[in-house]
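Hi,

Here is the structure I promised to pass on. Have a look at it first, and my notes on what turned up follow below.

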Amino acid sequence: MTTDPPAAVVPSLPAPRGATGEDPPAEPHPAPRRGFLAKAFGITAVLSAAGSGLGLLRDLLLARYFGANQGTDAFLVAWTVPETAAPLLIEDAMSFLMVPAFALALVLREEDPDAPDPVRQLVRATLPWLLIALGGLALAVVLGAPELVDLLAPGLPDPALAVTCTRITAITVLPFGVAGYLAAALRAHHRFPAPAGIYVAYNLGILAVLLCLHAYLGVRSAALGVAAGSLLMAGLLVGPFLRRLRQGPPDTGRGRRSRRALVLMPLALLPVAAFTLTRQSQVFVERYLGSALPPGTISHLNYAAKVSQLAMTAGLLICTVTFPLVARALAAGDLTAARDRVEKDLGQAAAVVLLGTAFLMACAPSVVSLLFERGAFGPHDTAATADVIRVYSFGLPAQALTGVMIRPYFSLRPVVRRADDPGGEDGRRRLLDWYPAAAMVLGLGVTVATGLLATPRFGALGLAAGNAAGITATAALLLHGLVLRGIPLRLRRVLGGHGRLVAAAAGAAVLGAAVAGPTADPLLSTLFGGLTVVLAFAALGTGLGAREVRGPVLAVARALGPVRNPPTVAEEGKRPDGQ
């Protein structure tokens, strides 16, 4: 049953267990404790950092071997296929759909342990169809590669090379989808190491092929490496997934229909896919407009995006670990717990990303020089890439916040629902399913308009500015959309905390640039500038009362020595940002 408060639509959610007068069932999978979250985050952070480091090494080798020219532009157009498939099939759309679906299946398993296992039921109902769809999609990309390249980058001087690379990278569609499905299942079971290691396997595959074959196949070796890495990625998850499936309770109730059975809702994937593809269309806009600019422009945008998004990826690690907890709370009908977790995720992700943004603003030239300026990548490429990074960085906080907010939004409408959910087909719920896609379309419109207006005069910087403006507009709309969806965010508190973090990041960027600028050596410039940014962000954030900064700073201070007059719990609660 749905209720309609002012300016919001609260979704129909199951009553908390025990609310119907029945004895609460056993709790075989209790909510993870704080220590578990810290351990899971640590494992995920280490493996994700290793994957990102290997990805950076991959980009360094691409720059060293091939520089920024027509060949790399052709490969990067082909890389649009795995770049689009990865968010759609691994981290975003597949995760948005299947983590809540498996979370709901686990809740139903706990509520009715004698019924047929809902987790196995979910796998039998979804995995075979997914494999058929992915295989057909991969074949369609192979056959339509010439038309796809012409659509993405009509100004390429050598489209034949891009077509060849596109047909090679089309292989990634099937293993990416399998990897995303298996990773979602494992995360819903609170198993994080194997999913966190998939990008380590992926980039190791790329590096191995690239190192062995670059001299013989040129940039085609990178495309072959992408295909090989995707197969390693999926292979890494098959074993852990099968072990979790076998360890579930036996299907003692096979043949008996549970009154809390799962009902598949395949149409629920449409708004999720529409949002993800529209979001990825920002890259399409860049490649399309950039193909008409001087050769190497697409490569400069790519290198800048890879460096810039390291900060965003670090912020999203937080919600990667906590997303299954949010999905489980929503599946059990606990909106308050979900709201508190989402607000905490928004603040923590913003703090991490804004610290990274301040660092990039201050040290972009030295970072690019230190990473890329060797071999075929010259000083002109360094200057162009650093300028793009600084413009891109204005959109990084919105990129991260969008990633945090979209997870709980789609958790309220997973690809499966309870058979006894009376509001499963409510019209207003179905309409709100499309809100994120509509917000992304409006943001994409801002991206296109800004790019068309600014590119003739500013080139790649105009494209980067359009990207930042578009995703910022989308993030603002999604913040309002969470409230409409029924998650009662305290917007004044959230926005106030973000305002303090933005002020701290701005001050840290100015001070870091002042220290990094005069130093000629890129290593020293990066080290001194980065240290200044970290210390300034910590001091300013603590002074401004940003709890995401103040808490860790006080914890470090207590670990290093006694703190003079530390605040009491009561005093902490009186602060406007206190818990």
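Let's start with Thr 44: leaving aside its neighbours within four places in sequence, Thr 44 is in contact with Phe 192, Ala 196, Leu 317, Thr 320 and Val 321, where contact means heavy atoms within 4.5 Å. Thr 44 sits in helix H1 (residues 34-66). Helices here are DSSP runs of H or I with at least four residues, strands are runs of E with at least two, and both are numbered from the N terminus. With a relative accessible area of 3%, Thr 44 is buried; buried means under 20% relative accessible area, exposed means over 50%, and partly exposed is in between (1.4 Å probe, protein chains only). Thr 44 and Ala 194 are 150 residues apart in sequence, yet their C-alpha atoms are 9.1 Å apart in space.

Before going on, some ground rules. This is a predicted model, so local features need pLDDT of at least 70 and side-chain atom pairs count only at pLDDT 80 or more, while totals for chains, interfaces and linings use all residues. Residues are numbered from 1 along each chain as its sequence is written, and side-chain values use heavy atoms, with hydrogens and water left out.

Now the overall picture. The protein has 23 helices and 2 strands. Of its 579 residues, 56% are buried. Take the contacts between residues at least 6 apart in sequence: 84% of them join residues at least 24 apart.

Another threonine worth a click is Thr 447, which lies in helix H18. Thr 447 counts as buried, at 3% relative accessibility. Apart from neighbours within four places in sequence, Thr 447 touches Gln 282, Val 285, Gly 466, Asn 467 and Gly 470.

On to the aromatics. How many aromatic pairs does a search of the whole structure find? The search gives 6. Rings of Phe, Tyr and Trp (its six-membered ring) pair if their centres lie within 6.5 Å; planes under 30 degrees apart count as stacked, over 60 as edge-to-face and the rest as tilted. One of the pairs is Tyr 303 with Phe 372: the ring centres are 5.2 Å apart and the planes are at 40 degrees, so this pair is tilted. Because Tyr 303 lies in helix H13 (residues 297-331) and Phe 372 in helix H14 (residues 335-372), the pair ties together parts that are 69 residues apart in sequence. Both partners are tucked away: Tyr 303 is buried at 2% relative accessible area, and Phe 372 is buried at 1%.

Then there is Tyr 409 with Tyr 435, whose ring centres are 6.3 Å apart with planes at 25 degrees, so this pair is stacked. Tyr 409 belongs to helix H16 (residues 396-411) and Tyr 435 to helix H18 (residues 435-458), so the pair ties together parts 26 residues apart in sequence. Tyr 409 is buried, with a relative accessible area of 1%, and Tyr 435 is buried too, with 19%. Elsewhere, Phe 176, Tyr 199 and Tyr 202 form one aromatic cluster.

Next, helix packing. Two packed helices are described by the angle between their axes and the distance between the axes. Axes are lines fitted to C-alpha atoms, for helices over the stretch in contact, and angles run from 0 to 180 degrees between N-to-C directions. Helix H4 (residues 93-111) and helix H5 (residues 118-143) pack at about 155 degrees, with their axes 8 Å apart. H4 and H5 are therefore roughly antiparallel; angles under 35 degrees count as roughly parallel, over 145 as roughly antiparallel, 65 to 115 as roughly perpendicular and the rest as oblique. The residues making this contact include Met 94, Met 98 and Phe 102 of H4 and Leu 122, Val 123 and Leu 130 of H5. By class, the contact of H4 with H5 has 12 nonpolar, 1 polar and 1 charged residues. Here Ala, Val, Leu, Ile, Met, Phe, Trp, Tyr, Cys and Pro count as nonpolar, Asp, Glu, Lys and Arg as charged, and the others, Gly among them, as polar.

Helix H6 (residues 145-152) and helix H7 (residues 159-169) pack at about 120 degrees, with axes 9 Å apart, which makes H6 oblique to H7.

Most residues other than glycine have a negative phi. His 190 is in the loop between helix H8 (173-188) and helix H9 (193-196), and His 190 is buried, at 12% relative accessible area.

Cheers
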